[in-house]
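Student: I have a structure to go through. Can we take it in short questions?

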Amino acid sequence: MIWKSILDPLHRLLAPPVVTCLTCGRMTNRSTQINGICRECYTEIPWIRHPRCSTCGRHIGCPDCTRGGGHERFFICNRSAVAYNPVMREWLGQYKYRGNERYSELLIMMLGQAYAGMKKEHRHTDSQWTIDVITCVPVSTIRLQERGFNQAEILAIGVADISRIPFKRLIIRERHTDKQSLKNRSDRIRDMMNTFERDPEIIGSIQNILESRHRSRVNSPLRILVIDDIYTTGSTINACARVLWEMSEVIGIPLEVYSLTWARS
């Protein structure tokens, strides 16, 4: 009995804690690479480790990036953490539409892994490659009132914190648009035209970032990472990238825009 009274507290201290999985509700003491979910749910995540399309990061053949003509692209490439399947649709719905704030940490950790992969990929060809500033796709005032938060901004701030990269609001939304999920590709592209503008204080923010860069990167392009929850046609990201890209002449140095999204449809 004496040994039991000594060993029981020690066992509880050393044993892995039992937690409730955020996504399925099962009790589990088996940890995964992402805190808060069980091993079974972790194995269901459709990670995009090796994108088939080097431009948009799609995990399967991409007709959009290979088709001739079309609209000019203002971002270098997009990378996404996961493929958008029914399971991921439910996770995003819990966060974006049902306001389940606990999912924000989960999605941020997944995006953090995706950014680590993105950095590793680019450093194969450029050992100095790094992002100077992270920003996000802004939402309209109407959408902000509906949801009470900008889901992309919360994700972007989280990734910036993990990566130790400054977060800045560089883009503003000039007009409200209907939900993009209800539109086809051509309608999305048309709808995004002239939707965004650069924040009036963007030049000051960029100048501060340029002044804080290491001497070895003085002549390197300014690299901006735009974060959003889901990439479908790329019309939203491209519209934001165009606003940012047009600053290149104003700041007097080359500018590169990259995109990181949680899911790729």
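Student: Which cysteine sulfur is closest to the sulfur of C62, and how far away is it?
Tutor: Keep in mind that this is a predicted model. A disulfide needs the two sulfurs within 2.5 Å. The sulfur of C62 is too far from its closest partner for a bond. That partner is in C56, at 3.5 Å.

Student: Is C62 buried or exposed?
Tutor: Buried means under 20% relative accessible area. C62 has a value of 9%, so it counts as buried.

Student: How many disulfides does the structure hold?
Tutor: A disulfide is a covalent bond between the sulfur atoms of two cysteines. The structure holds zero.

Student: What is the distance from C24 to the nearest cysteine sulfur?
Tutor: C24 is in no disulfide. With a relative accessible area of 32%, C24 is partly exposed. Its nearest cysteine sulfur belongs to C21, at 3.6 Å.

Student: Which residues is N85 in contact with, leaving aside neighbours within four places in sequence?
Tutor: N85 is partly exposed, at 23% relative accessible area. Contact calls for heavy atoms within 4.5 Å. Outside its sequence neighbours, N85 touches E44 and P46.

Student: Which backbone nitrogen lies 2.9 Å from a polar atom of the N85 side chain?
Tutor: A polar contact has a limit of 3.5 Å. At 2.9 Å, the nitrogen in question is that of M88.

Student: What separates the C-alpha atoms of N85 and A263?
Tutor: Along the chain, these two are 178 residues apart.

Key
Residues are numbered from 1 along each chain as its sequence is written. This is a predicted model: local features need pLDDT of at least 70, side-chain atom pairs count only at pLDDT 80 or more; totals for chains, interfaces and linings use all residues. Side-chain values use heavy atoms; hydrogens and water are left out. Buried means under 20% relative accessible area, exposed over 50%, partly exposed in between (1.4 Å probe, protein chains only). A polar contact is a pair of N or O atoms within 3.5 Å; within protein, one must be able to donate a hydrogen and the other to accept it, and residues adjacent in sequence count only if both atoms are side-chain atoms.
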